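Here is a short briefing on one structure. Keep the sequence and the 3D view open as you read.

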Amino acid sequence: MIFERRHIISTKDFSREEIDLILDRAERLEPYARGGGLDLLRGHVVATLFFEPSTRTRLSFDTAVKRLGGTTIGFDSAESTSTAKGETLFDTIKVIESYADAIVIRHHREGAARMASEISSVPVINAGDGAGHHPTQTLLDLYTMRKECRRPIEDLNVAIVGDLKYGRTVHSLAYALSLYRARLSLVSPEQLRMPGSIINYLRGKGVELVETPRIEDVLTEADVLYMTRIQKERFPDPSEYLKVADSYRITPNTLKGVKDDMIIMHPLPRVNEIDPMVDSTPHARYFRQAFYGVPIRMAVLSLVLGKEA
Amino acid sequence: MASNERELRVKPINNGTVIDHIEAGQALNVLKILGIGGHTRHVVSVLMNVPSVAMGAKDVVKVEDRELEPEEVDTIALIAPRATINIIRNYEVVEKFRVAMPGSVTGIIRCGNPNCISNSHEPVSSRFVVESTSPVLLRCSYCEFVLDENIADHLL
């Protein structure tokens with residue numbers, strides 16, 4: 001498995017063995033994710049090009065580079081760049097590739113990172129392309145399950161709740177979990193069900209899955225409750241939105257009867273999906289999940305830059 | 001008999017390419033794929049809805065004094081999978097082959113996802129991988145959007 005100089009565009013580009021290798025490396029690097037003087041990337045510059053706003057992803061990439069002893073350049077909105085003057089992404093990448101050893105990119109258009117990877121002579125890491133892919137989010141989700149659940153991923157029953165139609169996070173996650181043959185419970189309102197093409201793919205891979213609009217149907221069996229945000233603009237009728245949002249809200253009360261070791265994850269930001277009272281229950285893992293973004297991104301960066309760790 | 005009938009409509013060509021067995025209604029799209037428009041200098045004949053025993057009705061395109069290469073015509077298979085290519089020299093068919101579906105298609109079809117990077121002002125051509133030939137199923141190499149119907153409507 002050669003990772004050096006490889007682009008990280010979609011989780012689908014990776015085999016299970018390759019994903020496991022990334023997770024193993026993240027585990028080795030995790031002790032240094034809060035500091036500790038690693039200098040694997042000393043003298044290296046990583047460009048973080050965020051054409052779209054982001055908090056966690058951008059800052060965790062930034063942290064990952066710095067924890068590895070490297071430096072970052074970049075921007076966090078397109079307005080302050082030549083893009084505002086009409087420069088193409090193509091030209092931006094041609095310029096930045098001569099400044100940096102790797103490029104992390106978030107862009108509002110699907111396929112932007114793939115295009116960048118075809119232009120760039122340095123590795124490109126996709127940090128989200130529109131409704132497309134966000135592979136490091138999927139990797140950190142898997143890492144969270146591996147670290148926080150008592151069973152291996154292949155034995156887990158993962159309930160994914162919310163907007164399963166448009167959410168890029170859940171599509172990538174479902175694909176990745178199919179590599180492990182984890183059981184899936186897909187909970188969404190009728191109009192936000194997971195696209196048929198993905199369901200067919202999962203079934204074709206032999207994944208055991210159920211679909212239901214009722215969260216109560218899956219709560220007691222779930223090992224992982226993966227919550228996602230439902231966006232108001234998906235509903236033509238605001239009252240319909242409120243009804244759905246309310247029915248999927250997790251409170252300490254909803255958690256009665258769940259498995260003791262069930263964990264709750266969320267890619268964040270949350271709005272109303274999880275009552276802040278849940279934060280102090282033994283089930284909450286979403287903040288730790290956000291932290292795991294650092295070791296995962298340290299692992300990915302060190303791998304594509306060909307550093308042993 | 002059918003052949004005589006066709007010859008009455010448009011005379012045989014001396015040299016060039018005859019694209020036969022095009023699905024009825026697709027002749028103009030075939031010209032579009034081949035990049036043959038109003039500015040062409042070649043004599044081009046288009047026959048539409050020609051009666052055909054095998055197909056019911058078919059379209060035929062004749063391009064005089066130009067021999068089309070297989071890789072040039074293979075993309076026709078996207079909209080006319082049964083098309084046959086006849087290379088004509090001195091009124092004789094010297095070569096005859098069927099179009100073969102290519103593995104990928106570049107710069108011919110627009111991605112159906114309006115938010116795909118290939119639909120922006122970036123200097124890149126659209127590119128699709130042919131995932132299946134029957135039915136025709138194309139996947140965008142950039143955004144992974146799947147195009148599976150009305151492919152002719154997406155011709156650039």
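**Strands in chain A**

Strand β8(A) runs parallel to strand β9 (residues 263-265) of chain A, and 3 bridges join the two. This is a predicted model.

*Around β8(A)*
- A:V224 sits opposite A:I263 in β9(A).
- From β8(A), the chain passes through helix α9 (residues 238-247) of chain A to reach β9(A). This β-α-β crossover is right-handed.
- β8(A) is also joined to strand β5 (residues 157-161) of chain A, by 4 bridges, and these two strands run parallel.
- In this pairing, A:V161 stands opposite A:M227 of β8(A).
- Strand β8 (residues 224-227) of chain A is covered on both faces. A:V224 and A:Y226 are buried on one side. A:L225 and A:M227 are buried on the other.

*The sheet in chain B*
- Chain B has an open sheet of 4 strands, in the order β6-β7-β8-β9, with antiparallel pairing.
- Its edge strands are β6 (104-106) and β9 (146-147) of chain B, and each pairs on one side only.
- β6(B) pairs with strand β7 (residues 127-133) of chain B over 3 bridges, in the antiparallel sense.
- B:T106 has B:R127 of β7(B) as its bridge partner.

*Where the chains meet*
- On chain B, 14 residues are in contact with 12 residues of chain A.
- The side of chain B that touches chain A has 8 nonpolar, 5 polar and 1 charged residues.

Technical notes. Residues numbered from 1 in each chain as written. Chains lettered and ligands numbered in written order. Predicted model: local features only at pLDDT ≥ 70, side-chain atom pairs only at ≥ 80, totals over all residues. Contact = placed C-beta atoms within 7 Å. Nonpolar A, V, L, I, M, F, W, Y, C, P; charged D, E, K, R; others polar. Pairing = 2+ DSSP bridges. Buried ≥ 20, exposed ≤ 12 C-beta atoms within 10 Å, placed from the backbone. Right-handed = clockwise from strand over helix to strand, strands pointing away.
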